[in-house]
Amino acid sequence: MVAIGAQVQKTATREALARARQRAALLPDLLVEARRIANTTNTGWHGRRKSGVGETFWQFRPYTDGEAVSRIDWRRSARDDRIYIRDQEWEAAHTVWLWADSSASMLYKSEIAQVSKESRALVLILALAELLSRSGERIAFPDVTDPTSAANGAERLATALSHVIDLPKQPDFSRVRRFSDVVLVSDFLEPVNETLAMLEQIAQRGARAHLVEIYDPAEEDFPYKRRTEFVDPESGAILTVGRAQDYAEEYKQLFIARRETLSAYCRRIGWSYTTNRTDRLASEALVSVHLNMTADAGYQRTGI
């Protein structure tokens with residue numbers, strides 16, 4: 001049998017502390033990588049720009065009858081025959097819930113991938129935390145941290161995650177409020193009906209979600225041939241087939257069908273769905289998600 005990739009052994013519940021220590025050892029390097037990626041991304045948060053209370057200048061516009069005279073910018077008005085109002089940019093802290101899947105399937109890494117799915121998911125979450133913190137937004141991780149606005153938000157999140165012994169399989173969205181954003185980074189390999197049920201919880205709370213599907217090249221390309229042993233990372237069940245190539249076409253159809261079902265759901269309610277292969281740059285997915293989050297409206301889907 002040909003070895004295409006490796007699966008890190010799932011830690012038993014009674015040994016969850018060992019798994020937490022492994023995650024803690026990994027996070028400092030991932031935080032450095034996340035900051036490097038964040039520095040290559042445009043950090044402007046333009047999606048909610050509007051006139052209102054704030055300290056940042058936005059625009060000049062013509063004065064209309066009834067407006068407060070104190071808002072007139074006399075220096076700008078002196079340049080021509082019109083009277084202008086100086087508008088400031090509306091500023092309001094926004095809550096973004098960030099979640100990275102910690103299930104056993106995320107530990108997979110094939111020989112042609114740069115990193116494991118778990119590592120890529122954590123890097124993206126920390127990079128987003130870095131960008132959002134710079135923009136003054138409140139960030140939180142379900143079951144781990146409360147919504148907080150701080151300049152070192154990514155570092156705080158990494159520290160909090162390093163101390164968590166065992167993350168739940170699915171996050172608790174009971175604290176998510178209307179108009180919040182939720183970023184879910186996962187391989188979404190659980191049964192589609194379970195994923196849709198989780199998404200319905202977010203939709204019912206009036207929040208907007210952004211799904212980021214992380215997948216290994218081998219999971220999409222199915223490079224297996226001849227006699228191959230497949231192991232379910234969640235249950236440990238083993239399936240051995242004599243000619244793996246005979247299953248390639250049917251597998252690929254199912255793989256794409258799952259993705260299309262989830263992306264269609266997102267498209268229908270105005271959410272975004274981004275895909276990212278672990279042999280591609282994390283920054284590509286980060287830019288896509290960041291643009292989707294700052295868009296005023298509409299659905300965007302980027303395959304990377």
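Figure 1. Tyr273 is buried, at 0% relative accessibility, where buried means under 20% relative accessible area, exposed over 50% and partly exposed in between (1.4 Å probe, protein chains only). Phe188 is likewise buried, with a relative accessible area of 1%. The model is predicted: local features need pLDDT of at least 70, side-chain atom pairs count only at pLDDT 80 or more, and totals for chains, interfaces and linings use all residues. Residues are numbered from 1 along each chain as its sequence is written, and side-chain values use heavy atoms, with hydrogens and water left out. A search of the whole structure finds 8 aromatic pairs; rings of Phe, Tyr and Trp (its six-membered ring) pair if their centres lie within 6.5 Å, and planes under 30 degrees apart count as stacked, over 60 as edge-to-face and the rest as tilted. The ring centres of Phe188 and Tyr273 are 6.4 Å apart and their planes stand at 35°, so this pair is tilted. Because Phe188 lies in the loop between strand 7 (181-186) and helix 5 (192-204), and Tyr273 in strand 11 (residues 272-277), the pair ties together parts that are 85 residues apart in sequence. Helices (H or I, at least four residues) and strands (E, at least two) are DSSP runs, numbered from the N terminus.

**Figure 2. A ring cluster and charges over rings.** Tyr215, Phe222, Tyr224, Phe230, Tyr251 and Phe255 are linked into a cluster by ring pairs. Arg258 lies over the face of Phe255, at 4.8 Å from the ring centre. Elsewhere, the charged end of Arg76 sits over the ring of Tyr84, 4.3 Å from its centre. A charge sits over a ring if NZ of Lys or CZ of Arg is within 6 Å of the ring centre and within 35 degrees of the ring normal.

Figure 3. Asp216 is found in the loop between strand 8 (208-215) and helix 6 (217-221). Asp216 is buried yet has no salt bridge, a salt bridge being a side-chain nitrogen of Lys or Arg within 4 Å of a carboxyl oxygen of Asp or Glu. The nearest side chain of opposite charge, Lys109, is 7.0 Å away; Lys and Arg count as positive and Asp and Glu as negative, while His and the chain ends are not counted. A polar atom of the Asp216 side chain lies 2.9 Å from the backbone nitrogen of Ala218. Not counting residues up to four places away in sequence, Asp216 touches residues including Tyr108, Lys109 and Lys117, with contact meaning heavy atoms within 4.5 Å.

Figure 4. The structure holds 14 salt bridges. Lys117 and Glu219 form one of them (2.6 Å, N to O). Since Lys117 lies in helix 3 (residues 117-134) and Glu219 in helix 6, this bridge ties together parts that are 102 residues apart in sequence. Lys117 is buried at 0%, and Glu219 is buried at 12%. The side chains of Glu130 and Arg134 also meet in a salt bridge (3.3 Å, N to O); both residues lie in helix 3, 4 residues apart, about one turn of the helix. Glu130 is buried at 11%, whereas Arg134 is partly exposed at 39%. Arg277 forms a salt bridge with Asp279, the closest N and O atoms being 2.9 Å apart. Shared partners join Glu213, Glu220, Asp221, Arg258, Arg259, Arg277 and Asp279 into one salt-bridge network.

Key. A polar contact is a pair of N or O atoms within 3.5 Å; within protein, one must be able to donate a hydrogen and the other to accept it, and residues adjacent in sequence count only if both atoms are side-chain atoms.
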